[in-house]
2 protein chains.
Amino acid sequence: MTLLVTGWVAIDDIETPFAKVEGSLGGSATCAALAASLFTDVRLLAAVGEDFPDTMREKLHRPRIDASGVITVPGSKTSRWGARYSYDMNSRETWYPELGISVEWKPVIPPGWEDCTAACLAAGHPVDQRNLIRSLTSPRVTLVDTIKMFIDEAEEDLRETMRTADFVAMNESEAREMARMPSIARAGRALVSGGARNVIVKLGEYGAAFVGQEDYFVAPGYPLEEVVDPTGAGDAFAGGLMGYLDSVEKITPAEIRRGIIYGSTTASFAVEGFGPSRLLTLSRDDVEARYREFRALTHFDAGE
Amino acid sequence: MTLLVTGWVAIDDIETPFAKVEGSLGGSATCAALAASLFTDVRLLAAVGEDFPDTMREKLHRPRIDASGVITVPGSKTSRWGARYSYDMNSRETWYPELGISVEWKPVIPPGWEDCTAACLAAGHPVDQRNLIRSLTSPRVTLVDTIKMFIDEAEEDLRETMRTADFVAMNESEAREMARMPSIARAGRALVSGGARNVIVKLGEYGAAFVGQEDYFVAPGYPLEEVVDPTGAGDAFAGGLMGYLDSVEKITPAEIRRGIIYGSTTASFAVEGFGPSRLLTLSRDDVEARYREFRALTHFDAGE
């Protein structure tokens, strides 16, 4: 089984109330690929500029990641992303010191990669996301993530892409905006009625809600004692979920629930370090231990 | 088994983005008592003014509520509370058209009520809360709720009361403020280290986190399609939790988890109507059905 991961491989500047890191490896595809590679083999498709340092490229070469799809576009610059977080880490100001190649570039499946069994497409233009899904021969499961920019600029394209992918993931505020409904539950159901197969509403530190055609599942957030940097948590969530689903024999509602908890677990580790740094040291055993803890923290007996 | 419930019995003016209700029955003790009475016998202790209408008083006379402790203080006015909610119902502006008798009055246990087996003390001055707990002969379990006003005005008294009660319940922002910690998990643990036995952090639509000396439990919010009015949800939570705990044979960590889910369930019904109106029509069967649904929505299989 092999999971296609696309999105940004970028250079980040991050400032939290407690620390600051400049010019470090970042990007949605980086975080998703690292998280997914704990569960399955990953093919990473992204574009960087000529300025992308070898030291960062080396970090992407991992046993279960084929990074040959990280292509250097001549004459271009790597995308840069900046974020400054508020005291409680729940809100941030973002900026783009260099929009760079990730925005201009049109991703195309490299020859031989059409047989990927699953795809995790981090936020990107919905038309590109749709074309990528259609380029795969017979994927078992696909996910697209999106952000406010595409709801604002390409809503109709996004709606069509949502009908093409098996899962769409978005933040709470984005789901509310897109569905024009204030309740998370109603927003999720409205998006499913509108043609999305399964919607995952990411609630940040409060967890995630899954609204599908066959199931409804709510997961609380893992109770983290210390959040170092929330950057990439949503991507680590998507990567963990899709990595797990690519690894299972049959994708059932019960496996999707497990996948969401695996995604929440990898996301909870991601925020323990700056950018993807914690994901670089994470082991499957760490993930399994926290999964068990998650279950112990959330389950309760039947009623009277 | 008999649960003492105290707090405000008040008259509310509530405005949501969708509707407006003026001069209707409200108050923290009203909501907590109605929720608790689904599980156990309740003794309701509160003060109202001479203006308190008989029609409202009649609503408090229910099979499992002894409302003889709702005393009319001559020459005084019933407390009035107003709230206006934002579009997503997550924030509100509150005001007090009439601070009234609930603030001036010093609650005292009526003769014969010292044998209450449990107590649910809605927000009030921490010294009054402590005195009430100490007036009971041998309560099995006690809870105090609090609000920002008492953290600001009587923090040391509140800390002592927290050491006296078995549970303290507060909103997320209040827990963060009191513990001076941005993470919910750390704030809860810091309050427990400071002497609180068990802390419940109420997360509104995102559920609740329980941090105890023996257990840690996180419950997501019930995915409500429509929220009519969030007023009283926290009180219905406390009432449901304490009503359930008063009814069980032995108070174990597993029963506390169940109690938190019963509390979340009664709270999820409370917000379906204005003020306590939905609680007036609620049956134990409704609660049991939603409890089962809650469990089905949140449980997941063990990992690999």
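This note sets out points on the strands, sheets, helices and chain contacts of a predicted model.

1. Relation of the two chains. Chain B is superposed on chain A by a rotation of 180 degrees, with 0.0 Å of shift along the axis and an RMSD of 0.0 Å. The two copies are thus related as by a two-fold rotation axis. Both copies use the same surface, for 100% of the contact residues of chain B recur in chain A. Among the residues of chain B, B:P220 comes closest to the rotation axis, its C-alpha lying at 2.3 Å.

2. Contacts between the chains. In chain B, 38 residues are in contact with 38 residues of chain A. Four elements of chain B each supply at least two residues of the side that touches chain A: α8 (184–193), β13 (216–219), α10 (253–270) and α12 (284–298). Of the side of chain B that touches chain A, α12(B) gives the most, with 6 residues. Sorted by class, this side of chain B has 22 nonpolar, 5 polar and 11 charged residues.

3. The sheet of nine strands. In chain B, 9 strands form an open sheet with mixed pairing, and their order is β5-β4-β1-β8-β9-β10-β11-β12-β13.

4. Strand β8 (residues 118–121) of chain B runs parallel to strand β9 (residues 141–145) of chain B, and 4 bridges join them. Within this pair, B:C120 stands opposite B:L143 in β9(B). Helix α4 (residues 126–135) of chain B packs on the sheet, where it touches β1 (2–6), β8 and β9 of chain B. The direction of α4 makes about 170 degrees with that of β8(B).

5. Strand β1 of chain A. Strand β1 (residues 2–6) of chain A is mostly covered, since 4 of its 5 residues are buried. It pairs with strand β4 (residues 41–48) of chain A in parallel, through 5 bridges. The bridge partner of A:T2 in β4(A) is A:D41. β1(A) also pairs with strand β8 (residues 118–121) of chain A, in the parallel sense over 4 bridges. Here A:L4 stands opposite A:A119 in β8(A).

6. The sheet of four strands. Chain B also holds an open sheet of 4 strands, in the order β3-β2-β6-β7 and with mixed pairing. Its edge strands are β3 (20–26) and β7 (92–98) of chain B, each pairing on one side only. Strand β2 (residues 10–15) and strand β6 (residues 80–85) of chain B pair in the parallel sense over 5 bridges. In β6(B), B:W81 is the bridge partner of B:D12.

7. Helix α10 of chain A. This helix (residues 253–270) has 18 residues, which at 1.5 Å a residue should span 26 Å; its end C-alpha atoms are 25 Å apart, and so the two values agree. α10(A) is mostly covered, with 14 of its 18 residues buried.

Methods
Residues are numbered from 1 along each chain as its sequence is written. Chains are lettered from A and ligands numbered from 1 in the order in which they are written. This is a predicted model: local features need pLDDT of at least 70, side-chain atom pairs count only at pLDDT 80 or more; totals for chains, interfaces and linings use all residues. A residue is buried if 20 or more other C-beta atoms lie within 10 Å of its own, exposed if 12 or fewer, and partly exposed in between; C-beta atoms are placed from the backbone. Two strands pair if DSSP finds at least two bridges between them. Copies are superposed by least squares on the C-alpha atoms of residues with pLDDT of at least 70 in both. Two residues are in contact if their C-beta atoms, placed from the backbone, lie within 7 Å. Ala, Val, Leu, Ile, Met, Phe, Trp, Tyr, Cys and Pro count as nonpolar, Asp, Glu, Lys and Arg as charged, and the others, Gly among them, as polar. Axes are lines fitted to C-alpha atoms, for helices over the stretch in contact, and angles run from 0 to 180 degrees between N-to-C directions. The expected span of a helix is 1.5 Å times one less than its number of residues.
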